[in-house]
Amino acid sequence: MSDKRALDIVVISDVHLGIYGCHAKELIQYLDSIDPRIMVLNGDIIDIWQFSKRYFPKAHTKVIRKILKMIGKGTEVYYLTGNHDEALRKYAGFELSNFTIDNKLILDVDGKRHWFFHGDVYDVTMKNSKWLAKLGGKGYDLLIIINRLVNNVLESMGREKMSFSKKVKQGVKSAVKFISDFEQTVAEIAVDKGFDVVCCGHIHQPLIKEMPVGDKTVTYLNSGDWVESLTALEYVHQQWTLYQHPVTKAKTVLPEDEDDASPDWDPKTFSDLAI
């Protein structure tokens, strides 16, 4: 009997494969622990914006292999594009067996209309100043690198780790307002389109919340990210829950498996798409 947890749906977003801050090892551990019927990859899985052939570690390659293996075993996988992997948007509508690339996904789940999309289309910064958003992305990655170094020192001293990004988001009024405005905008549009549940990524803020809009209520979901939060949304027994994975120490070595016997996946495929 399999020791993997059976799930009806799992939603993962903002993995950012190809950058230093990505927790690929932890994601592999999570993927090894679940057996979903449907997997929604809700944008920014591969960070084509900051892609470099000089940095694509084995663990990042292995995440892709794990997903391909799940497709091979029958999991329905929907890859929904985000801003960091927007080069794939020209392939929207592509279907191959149980794998689909698209910009959005609509599912009827237990009598409720669900709307899945990354969320960057409702980000004013993205719409009006893409160069600024890209610059901010590089600054965020640098912040994560510095944060990792500081946390290594704190851990060696037996002190609690800290998140620079979360402190910025919680302490800067404009950041708090942006997140609130984003959630409210998404909820209002979802209600206007007649959806019961709306699910995004993009802002790296994992959340399940009932949001009133006029005389109606919509369930807002955000799957968070695998840079800081290490979260995913899981649907089983007619209920959405938020999963959070524990952070693995940097020296943790993943066990070898049959995937490692196959040739290395070549990440330049995705750099070519971005040209």
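Q: Which residues of α2 are buried?
A: Keep in mind that this is a predicted model. In α2, the buried ones are Ala 59, His 60, Thr 61, Lys 62, Val 63, Ile 64, Arg 65, Lys 66, Ile 67, Met 70 and Ile 71. Buried means under 20% relative accessible area.

Q: What makes α2 count as largely enclosed by the rest of the structure?
A: It's a matter of numbers: eleven of its 15 residues are buried, so α2 is largely enclosed.

Q: And what do the buried residues of α2 pack against?
A: They pack against α1 (24-33), β2 (34-42), β3 (76-80) and β5 (99-102).

Q: How do you know how the reach of α2 compares with the expected one?
A: Helix α2 covers residues 58-72, and from its first C-alpha to its last it reaches 21 Å.

Q: What comes after α2, and what is its phi?
A: Gly 74 follows α2, and its phi is positive, near 110°.

Q: Where does Gln 238 lie, and what is its phi?
A: Gln 238 sits in the loop between β11 (231-236) and β12 (239-244). Its phi is near 60°, again a positive value in a residue other than glycine.

Q: Why is one of these two called buried and the other exposed?
A: Check each value against its cut-off. His 204 has a relative accessible area of 8%, and buried means under 20%, so His 204 is buried. Gln 238 has 61%, and exposed means over 50%, so Gln 238 is exposed.

Q: Why is Ile 106 called partly exposed?
A: Its relative accessibility is 42%.

Q: Where is Ile 106, and which residues does it touch?
A: Ile 106 is in strand β6 (residues 104-109). Leaving out residues up to four places away in sequence, Ile 106 touches Arg 113, His 114, Trp 115 and Phe 195.

Q: Why does His 118 count as buried?
A: His 118 has 1% relative accessibility. Buried means under 20%, so His 118 counts as buried. Its place is in the loop between β7 (112-117) and α3 (124-128).

Q: What makes the pair His 118 and Asp 44 a polar contact?
A: Their side chains are joined at 3.1 Å, and a polar contact needs N or O atoms within 3.5 Å. Among the other residues His 118 touches are Asp 14, Asn 42, Cys 200 and His 202.

Q: What lines the largest cavity, and how do the lining residues divide?
A: The lining is Ile 12, Val 15, Leu 27, Leu 31, Leu 41, Ile 45, Val 63 and Ile 67. They divide into eight nonpolar, no polar and no charged. α1 and α2 each supply at least two of the lining residues. The volume of this cavity is about 30 Å³.

Terms used. Residues are numbered from 1 along each chain as its sequence is written. This is a predicted model: local features need pLDDT of at least 70, side-chain atom pairs count only at pLDDT 80 or more; totals for chains, interfaces and linings use all residues. Side-chain values use heavy atoms; hydrogens and water are left out. Helices (H or I, at least four residues) and strands (E, at least two) are DSSP runs, numbered from the N terminus. The expected span of a helix is 1.5 Å times one less than its number of residues. Buried means under 20% relative accessible area, exposed over 50%, partly exposed in between (1.4 Å probe, protein chains only). Contact means heavy atoms within 4.5 Å. On a 1 Å grid over the protein atoms alone, a cavity is a set of points where a 1.4 Å probe fits but cannot get out, and a pocket is an open set with protein on both sides within 12 Å along at least five of seven lines; lining residues have an atom within 4 Å of a point. Grid points are joined across faces, edges and corners, and a volume is the space filled by probe spheres set on the points. Ala, Val, Leu, Ile, Met, Phe, Trp, Tyr, Cys and Pro count as nonpolar, Asp, Glu, Lys and Arg as charged, and the others, Gly among them, as polar. A polar contact is a pair of N or O atoms within 3.5 Å; within protein, one must be able to donate a hydrogen and the other to accept it, and residues adjacent in sequence count only if both atoms are side-chain atoms.
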